[in-house]
Amino acid sequence: MLEFSIFSVISITLFLVGNRSLFAQTLNCATTHYPPFTIFNDTTNEFSGLDMDVINPLFNNLNINFKVENLPWARLKVEIEQNNFDCYFSLGKFDYRETYLDYTDVPMHVTKVAIFYHKSADKPGTNFSDKVVGIHRGINLYRDIPEKYGIYESRLHKLPSNDVLFEMLALQRLDVVVTSNDVGEYILQKQHSQLDVEKLVIDGYQLPVYLAFRKGVVDINSVNKELIKVINSK
């Protein structure tokens with residue numbers, strides 16, 4: 001009887017180990033406050049937003065529990081090489097990052113860049129070389145902006161958040177803000193609806209951003225299949 005009991009325990013243990021899908025996996029993920037895609041609530045320490053509307057059902061369908069930590073963008077980029085987190089969203093796909101991460105095939109969203117500036121009688125046209133320009137610290141979007149816009153020659157300031165950028169634009173301490181078109185539109189609508197600005201969407205600039213996992217953490221093929229289902233259901 002004792003031998004049978006030991007055999008039974010071993011058999012059950014091997015069965016459960018071989019069927020990890022019976023257990024909900026828990027991942028530690030990192031992202032940054034980036035409305036309307038990821039919106040961090042300081043009071044509840046929770047995220048909402050368009051990307052979370054995909055992440056939540058995706059991980060639920062995959063039987064994956066997850067926690068998300070809000071990190072400054074500059075620190076998040078450093079963390080990728082440290083292997084302290086299991087997943088990140090939403091990231092541009094670059095070769096040096098793929099050394100550490102497995103990316104999904106389908107992007108979470110596609111970033112378009114816009115130049116936001118004050119409406120005035122002295123319209124700058126398409127050249128901002130004589131303006132005071134603000135851009136998010138740690139993001140080098142301006143390097144992808146065509147030279148015809150004069151951003152390279154402008155008085156360029158890198159600031160810690162998009163909220164700060166538009167606050168300074170409202171205070172006229174900046175003439176121009178360069179950031180994601182969707183992020184800029186969201187902040188203007190929610191925080192500066194009375195601010196009279198124009199925008200110029202950069203032609204041809206599109207950056208798909210993805211959900212990415214530390215290598216070996218998940219079966220990326222299974223994630224891809226489920227992600228397509230979730231996105232198509234929206």
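The exercises below, each with a worked solution, concern a predicted model.

Residues are numbered from 1 along each chain as its sequence is written, and side-chain values use heavy atoms, with hydrogens and water left out. Because the model is predicted, local features need pLDDT of at least 70 and side-chain atom pairs count only at pLDDT 80 or more, while totals for chains, interfaces and linings use all residues.

**Exercise 1.** Determine which residues of helix α2 are buried, and where they lie around the helix.

*Solution.* Helices are DSSP runs of H or I with at least four residues, and strands are runs of E with at least two, numbered from the N terminus. Buried means under 20% relative accessible area, exposed over 50%, and partly exposed in between, with a 1.4 Å probe and protein chains only. In α2, which spans residues 52-61, the buried residues are M52, V54, I55, L58 and F59. Seen down the axis of α2, these buried residues fall within an arc of 150° (taken from the directions from the helix axis to the C-beta atoms), so they line one face of the helix.

**Exercise 2.** Find what phi N63 takes, and how accessible N63 is.

*Solution.* N63 is found in the loop between α2 and β4, where it has a positive phi of about 60° although it is not a glycine. With a relative accessible area of 34%, N63 is partly exposed.
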